[in-house]
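Trainee: I'd like to learn how to read a few features of a model. Can we go through one together?

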Amino acid sequence: MVMQPASTELAERTAAVISELKNLEGPLIPILHGVQEEFGYVPQETLPIIAEALNLSRAEVHGVFTFYHDFRHHPAGRHVLKVCQAEACQSMGSDAIAAQIKQKLGIGFHETSKDGAVTLEPIYCLGLCACAPAAMLDGEVIGRLDADKIDEIAEEIRS
Amino acid sequence: MSVTIYIPGDSGSLSLGAEKVAKAVEKEIAARGIDARIVRNGSRGLYWLEPMVEVRTEAGRVAYGPVSAKDVASLFDAGLTNGGQHKLSLGDPEKLPFVAKQTRLTFARCGITDPISLEDYEAHGGLAGLRKAVSMAPADIVKQVTESGLRGRGGAGFPTGIKWKTVLDTAADQKYIVCNADEGDSATFADRMIMEGDPFVLIEGMAIAGLATHATKGYVYIRSEYPHAIAVMDKAVKVARRAGVLGKSVLGSSQGFDIEIRSGAGAYVCGEETSLLNSLEGKRGVVRAKPPLPAIQGLFGKPTVINNVISLASVPIVMDKGAQYYKDFGMGRSRGTIPIQIAGNVKHGGLFEVAFGLTLGEIVDEIGGGTATGRPVKAVQVGGPLGAYFPRALFDTPFDYEEFAKRDGLIGHAGITVFDDSADMLKQARFAMEFCAIESCGKCTPCRIGSTRGVETLDKLKQNIEPEKQLALVTDLCNTMKFGSLCALGGFTPYPVMSAIHHFPEDFRPAAVAQAAE
Ligand SMILES: Cc1cc2nc3c(=O)[nH]c(=O)nc-3n(C[C@H](O)[C@H](O)[C@H](O)COP(=O)(O)O)c2cc1C
Ligand code: SF4
Ligand code: FES
Ligand code: FES
């Protein structure tokens, strides 16, 4: 992949995130979270800027960025739906629930719908294991998923 | 007189519609011109009754549940504000059998108080432990925690006081208290519940740990999957700082202690303590070899206490009521209480804090009430994704670290997932391997590669390709993983896999497999 030089605007926004968090002990993860909050994902071009500000090598920053499941390499859809696929949810049929959701949205896990409305992801436990099967839509928790709730989710995504 | 109405702000309750209920209650209060105040409490942990709404009356609290937004108007019609009768009436919540049978020490206030009101916290016994600790010598605090018999609730069950003593005895210019709130195990939510429902008890426990070891800085590393817990902890830390519980002088003492909340980034392995420390330092969450112990060289190379949320949140009561009080609960070498989390396909799912020693059968059948689907219980997984699957035949196992170990299992963070008879144990074994492959930090070959081989092998077994050979291969792989892995992710994944094969051989038999594959 060819590295695009960072645009001034991107560089400025990145620098603003960095300057706010730089004085923390071990600031790299908070900064990556901050950059993702700012742009919706972590643009490749921000990595050298972060590296330079923290006096790290690009390889180090890249290594950290790629280690964690949370950090996105590409923009996500307008909504992000995470469906729990861990054991407690499995015991309540999360497999079948995931299949219904995939069919309803027309996408699989780790995919974004063509209209950019939604990104679908598996997640391993939301701490809602006594309210299984569970999911999270844009940070909002949903328990005891069933066909009706899937319809509601689909509606919210479309609106 | 102003009425107080409690509507949980706990994630579990929110996931079942508590926010809509709160909005509806607000609307009714306004429309009816009632002098009432809404408190967003934590959950008492009876999730089949959530959202559980409570009202404080002259005769004590009265509960209703499970309440949905459409019930709210009729609740007010029925005289909710005076505890009036309604089809959702539950009466005095303390008298519900699921509540009455518990011994709530760590969770004494959870679901009862306003989580971010320090006044409420103190009115219900909060800060009493810390007040005692500030006037004690560090070694005496450590001694009291050691004598209580408290063992780490994060999974390994290491004595908390002994860990603290190592940190106290290691001289350094800076020491840290790190709270492990990564809670990645499926079926566990005790950490989440206490952080959302009674955050000050964790803050108090961490401050006591600071006083006991001369550590002045604390971090709470909370998994990013818990946005609500992060928000409540953030607020509570600010309140505690303003009140002088945290800061340059803890409750007016000569020692300072402050706390910072950090969010994880979606890596299960970061619950492993050394991986967590690397993550806090801004590195890849790769597991470190031990020694050096974190107690000697932990965060940024400094002596560090790293404890689970529940371990730390159990310290205030130990300091307040004494080591003996805590120790008198429990059995064998498992002292005190344990918040058991009953989850999955279960009728009465939730959090049940009780002294160690109940049998698995009592927990699943009596407390949990059997499956939610009403079908027979086939298996229960105890201790999260690295825990063994137990069949009914082992339901006489007492909930105790050593008793579970004797039966090739572990209690871990005390989560229990119930499965009914539709469960396919081959599929569960495959998932255990797959999860290990997804979450491996990559340092050890047996964990990183072995788990992927495990998935492939179980897939072949499923397709009935030389089944006996595949079974032998999986067993062999499990042995390699068990003995050749640096941490318990690779080392314990064999527990769910081998327990499934051992206790449910029918699901792995060629005939059954062939039939299932058709
Ligand atoms: C893969 C893996 C994941 C772990 N996840 C957690 C976790 O989420 N929370 C936790 O408290 N301990 C977890 N542990 C255990 C920690 O390594 C460590 O034992 C614990 O934080 C010590 O605290 P305690 O003595 O208070 O239990 C995990 C261990 C492993 C190997
Ligand atoms: S066992 Fe797995 S997760 Fe643990 S250190 Fe080795 S590779 Fe990393
Ligand atoms: S297993 Fe799905 S929320 Fe815990
Ligand atoms: S580090 Fe290589 S096998 Fe564990």
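Mentor: A:Cys125 is buried, at a relative accessible area of 2%; buried means under 20%, exposed over 50% and partly exposed in between, with a 1.4 Å probe and protein chains only. Keep in mind that this is a predicted model, where local features need pLDDT of at least 70, side-chain atom pairs count only at pLDDT 80 or more, and totals for chains, interfaces and linings use all residues. Residues are numbered from 1 along each chain as its sequence is written, chains are lettered from A and ligands numbered from 1 in the order in which they are written, and side-chain values use heavy atoms, with hydrogens and water left out.

Trainee: Where is the place of A:Cys125 in chain A?

Mentor: Look in the loop between strand 3 (118-123) and strand 4 (135-137). Helices (H or I, at least four residues) and strands (E, at least two) are DSSP runs, numbered from the N terminus.

Trainee: And which residues does A:Cys125 touch?

Mentor: Contact means heavy atoms within 4.5 Å. Not counting residues up to four places away in sequence, A:Cys125 touches A:Cys84 and A:Ala86, along with chain B residues including B:Asp185, B:Arg223 and B:Glu225.

Trainee: Which residues does UniProt list for "binding site"?

Mentor: The unreviewed UniProt entry lists A:Cys84, A:Cys89, A:Cys125 and A:Cys129. They are spread over 46 residues of sequence, yet cluster in space, with a largest C-alpha distance of 9.4 Å. The lining of the second largest cavity includes A:Cys84, A:Cys89, A:Cys125 and A:Cys129. UniProt positions follow the numbering used here, feature names are shortened, and annotations may be inferred rather than shown by experiment.

Trainee: Is A:Cys89 buried or exposed?

Mentor: Buried, with a relative accessible area of 3%. A:Cys89 sits in helix 5 (residues 87-90) of chain A. Leaving out residues up to four places away in sequence, A:Cys89 touches A:Cys84, A:Ser94, A:Ala132, A:Pro133 and A:Ala134.

Trainee: How many cavities of 30 Å³ or more does the structure hold?

Mentor: The general idea is that rolling a probe the size of a water molecule over the atoms shows where empty space is left. Here there are 3. On a 1 Å grid over the protein atoms alone, a cavity is a set of points where a 1.4 Å probe fits but cannot get out, and lining residues have an atom within 4 Å of a point. The largest cavity is lined by 13 residues, and B:Val287, B:Cys441, B:Cys444, B:Cys447 and B:Cys487 lie nearest its centre.

Methods. On a 1 Å grid over the protein atoms alone, a cavity is a set of points where a 1.4 Å probe fits but cannot get out, and a pocket is an open set with protein on both sides within 12 Å along at least five of seven lines; lining residues have an atom within 4 Å of a point. Grid points are joined across faces, edges and corners, and a volume is the space filled by probe spheres set on the points.
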